[in-house]
Amino acid sequence: MYKIKMTTPWWTKKYGKGKICAITNMRLRPGKNKYNQPYSIFLGCKHGFYRSALMSWVLTKPDISPTCPLCRQAFDPLVVFVPV
Ligand SMILES: [Zn+2]
């Protein structure tokens with residue numbers, strides 16, 4: 001039986017421990033998709049989230065300025081979601 005471990009050494013070595021998206025509860029994925037968008041996004045407060053999860057989070061609160069789901073620090077969605 002093959003079980004995927006959440007703490008494979010190469011991942012921990014490359015991306016560090018505890019890089020878990022607080023929205024999806026999944027380990028953050030490095031790299032970019034075919035639209036050249038990063039899978040994971042790190043806000044100014046250093047909290048990381050899945051891009052799609054964070055976007056959904058923002059879209060559920062269209063009337064207020066978006067904040068980090070973890071520490072409530074405000075961020076600019078244009079800066080966060082538009083690839084540089
Ligand atoms: Zn934060």
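What percentage of the 84 residues in the chain is buried? Buried residues make up 14% of them; a residue is buried if 20 or more other C-beta atoms lie within 10 Å of its own, exposed if 12 or fewer, and partly exposed in between, with C-beta atoms placed from the backbone. This is a predicted model, in which local features need pLDDT of at least 70 and side-chain atom pairs count only at pLDDT 80 or more, while totals for chains, interfaces and linings use all residues. Residues are numbered from 1 along each chain as its sequence is written.

**Whole chain**

Colour the chain by pLDDT, the predictor's confidence in each residue, from 0 to 100. The chain averages 83, and 76% of the residues score at least 70. Next, display the secondary structure as a cartoon. The chain holds 3 helices and 2 strands, in the order α-β-β-α-α from the N terminus. These elements are DSSP runs numbered from the N terminus: helices are H or I with at least four residues, and strands are E with at least two.

Select helix α1 (residues 9-15), which has the lowest mean pLDDT among the elements, 63. Where pLDDT is low, the predicted coordinates should not be read in detail. Then select strand β2 (residues 48-50), where the mean pLDDT is the highest among the elements, 94.

**Nonpolar core**

Select Cys21, Leu28, Ile41, Leu43, Phe49, Tyr50 and Leu54. These 7 residues form the largest nonpolar core, that is, a set of buried Ala, Val, Leu, Ile, Met, Phe, Trp, Tyr and Cys residues joined through C-beta atoms within 7 Å. Centre the view on Leu28, one of the core residues. Beyond its neighbours within four places in sequence, Leu28 is in contact with Lys19, Ile20, Cys21, Ser40, Gly48 and Tyr50; two residues are in contact if their C-beta atoms, placed from the backbone, lie within 7 Å. Across the chain, 40% of the contacts between residues at least 6 apart in sequence join residues at least 24 apart.

**Loop between α1 and β1**

Select Thr24, which is found in the loop between α1 and β1 (40-42). Which residues does Thr24 contact, leaving aside its neighbours within four places in sequence? They are Tyr50 and Ala53. Thr24 and Ala53 are 29 residues apart in sequence, yet their C-alpha atoms are 6.8 Å apart in space. Thr24 is partly exposed because 14 other C-beta atoms lie within 10 Å.

Move to Asn36, placed in the loop between α1 and β1. Asn36 is not a glycine, although its phi is positive, about 65 degrees. With 7 other C-beta atoms within 10 Å, Asn36 is exposed. Gln37, also found in the loop between α1 and β1, is partly exposed, with 14 other C-beta atoms within 10 Å.

Select Lys46 in the loop between β1 and β2. Its phi is near 80 degrees, a positive value in a residue other than glycine. Is Lys46 buried or exposed? Lys46 is exposed, because 10 other C-beta atoms lie within 10 Å.

Finally, select Ser65 in the loop between α2 (51-59) and α3 (77-81). Ser65 counts as exposed, with 10 C-beta neighbours inside 10 Å. Ser65 and Phe75 are 10 residues apart in sequence and 7.7 Å apart in space, C-alpha to C-alpha.
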